[in-house]
Amino acid sequence: MEKWKEQTGLDIYEGYGQTETVLICGNFKSMKIKPGSMGKPSPAYDVQIIDENCKPVSLGTEGNIAIRVEPVRPLNFFSGYLGDPERTALSMRGGFYLTGDRGLEDEDGYIWFVGRYRIGPFEVESALIEHPAVAESAVVSSPDPIRGEVVKAFVILTPGYTSHSPEELITELQEHVKKVTAPYKYPRKIEFVQQLPKTISGKIQRIKLRNKEWGRASH
């Protein structure tokens, strides 16, 4: 950015936004530019960095980038994803819209991008299979009265672990996933099963498990 300024005499004003929100924050002309930062929140939004319980974190602490939508919803803010109640439930919870990105706020109020936090089922399944208790697993979304949606794992145990305490084993597997991936990616729900629904070719039918969780009939 310094070389660009030297060559052109112009500043680069970085910002951050989404299709759902347009501009969330930016380095506006009246502000001091902090190269690499996304700037400060747009006046249209109350942007917060929150934890997994939708509570604001302290300055300099990484968390989920969110926009407060309750009790007052931003003007013309989108109401949800058409035909996708699961995704809407996941993104709207605790009075916030969760962008799906992680960041932190510095002492001057500038927001810094850290990375994406969307949780993919294969990542969680790969972490689970590394534990000796897991023979096979399938991860799907599951409705939650507080968070809207959480990660759930259906797990087939290896023979040596079938007699272990289910409660203790659930905690052990959750802690294992936290260490292998990230603290926020662990399955908040785990159900031990004897088998998983599969196609003739042996591919796990996650759609059937997801439909079961959300109370919809499988087709």
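**Walking through the model**

Trainee: What feature does UniProt place at residues 1-81?

Mentor: The unreviewed UniProt entry puts "domain: AMP-dependent synthetase/ligase" there, at residues 1-81. Keep in mind that this is a predicted model.

Trainee: How much helix and strand does the chain have over residues 1-81?

Mentor: That stretch is 9% helix and 26% strand. Its end C-alpha atoms are 37 Å apart.

Trainee: And how many helices and strands in the protein chain?

Mentor: Five helices and 11 strands.

Trainee: What does the C-alpha trace span along its principal axes?

Mentor: About 65 × 35 × 35 Å. The protein chain has 219 residues, and 43% of them count as buried.

Trainee: Of the contacts between residues at least 6 apart in sequence, how many join residues at least 24 apart?

Mentor: 52% of them, within the protein chain.

Trainee: Helix packing next. At what angle do helix 3 and helix 4 cross?

Mentor: Roughly 115°. Helix 3 covers residues 121-129 and helix 4 covers residues 166-180, and their axes come within 9 Å. The range 65 to 115 degrees counts as roughly perpendicular, so helix 3 is roughly perpendicular to helix 4.

Trainee: Is the crossing left-handed or right-handed?

Mentor: The crossing of helix 3 and helix 4 is right-handed.

Trainee: Which residues meet there?

Mentor: From helix 3, V124, A127 and L128. From helix 4, L173, H176, V177 and V180. The residues of this contact divide into six nonpolar, one polar and no charged.

Trainee: Why do residues three or four places apart point the same way in an α-helix?

Mentor: An α-helix has 3.6 residues a turn, so residues at that spacing point the same way.

Trainee: Is N76 buried or exposed?

Mentor: N76 has a relative accessible area of 75%, so N76 is exposed.

Trainee: Switching to T61. Where is T61?

Mentor: In the loop between strand 4 (47-50) and strand 5 (63-68). T61 has 31% relative accessibility, so T61 counts as partly exposed.

Trainee: Which residues does T61 touch?

Mentor: I49, G103 and L104, leaving out residues up to four places away in sequence. G103 is 42 residues from T61 along the chain, and their C-alpha atoms are separated by 8.2 Å.

Trainee: There's another threonine on my list, T162. Where is T162 found?

Mentor: In the loop between strand 10 (148-157) and helix 4. T162 has a relative accessible area of 55%, so T162 is exposed.

Trainee: How far apart in space are T162 and F192?

Mentor: 9.3 Å, C-alpha to C-alpha. In sequence, T162 and F192 are 30 residues apart.

Trainee: Last stop, helix 5. Which residues are buried in helix 5?

Mentor: R206, L209, N211 and E213 are buried there. Helix 5 runs over residues 206-213.

Trainee: Is G215 buried or exposed?

Mentor: G215 is exposed, with a relative accessible area of 69%. The cut-off for exposed is over 50%.

Trainee: How far is G215 from P143?

Mentor: The C-alpha atoms of G215 and P143 are separated by 9.6 Å. Along the chain, G215 and P143 are 72 residues apart.

How values were computed. Residues are numbered from 1 along each chain as its sequence is written. This is a predicted model: local features need pLDDT of at least 70, side-chain atom pairs count only at pLDDT 80 or more; totals for chains, interfaces and linings use all residues. Side-chain values use heavy atoms; hydrogens and water are left out. Axes are lines fitted to C-alpha atoms, for helices over the stretch in contact, and angles run from 0 to 180 degrees between N-to-C directions. Helices (H or I, at least four residues) and strands (E, at least two) are DSSP runs, numbered from the N terminus. Angles under 35 degrees count as roughly parallel, over 145 as roughly antiparallel, 65 to 115 as roughly perpendicular and the rest as oblique. A crossing is left-handed if the near helix is turned anticlockwise from the far one by less than a right angle, and right-handed if clockwise. Contact means heavy atoms within 4.5 Å. Ala, Val, Leu, Ile, Met, Phe, Trp, Tyr, Cys and Pro count as nonpolar, Asp, Glu, Lys and Arg as charged, and the others, Gly among them, as polar. UniProt positions are given in the numbering used here, feature names are shortened, and annotations may be inferred rather than shown by experiment. Buried means under 20% relative accessible area, exposed over 50%, partly exposed in between (1.4 Å probe, protein chains only).
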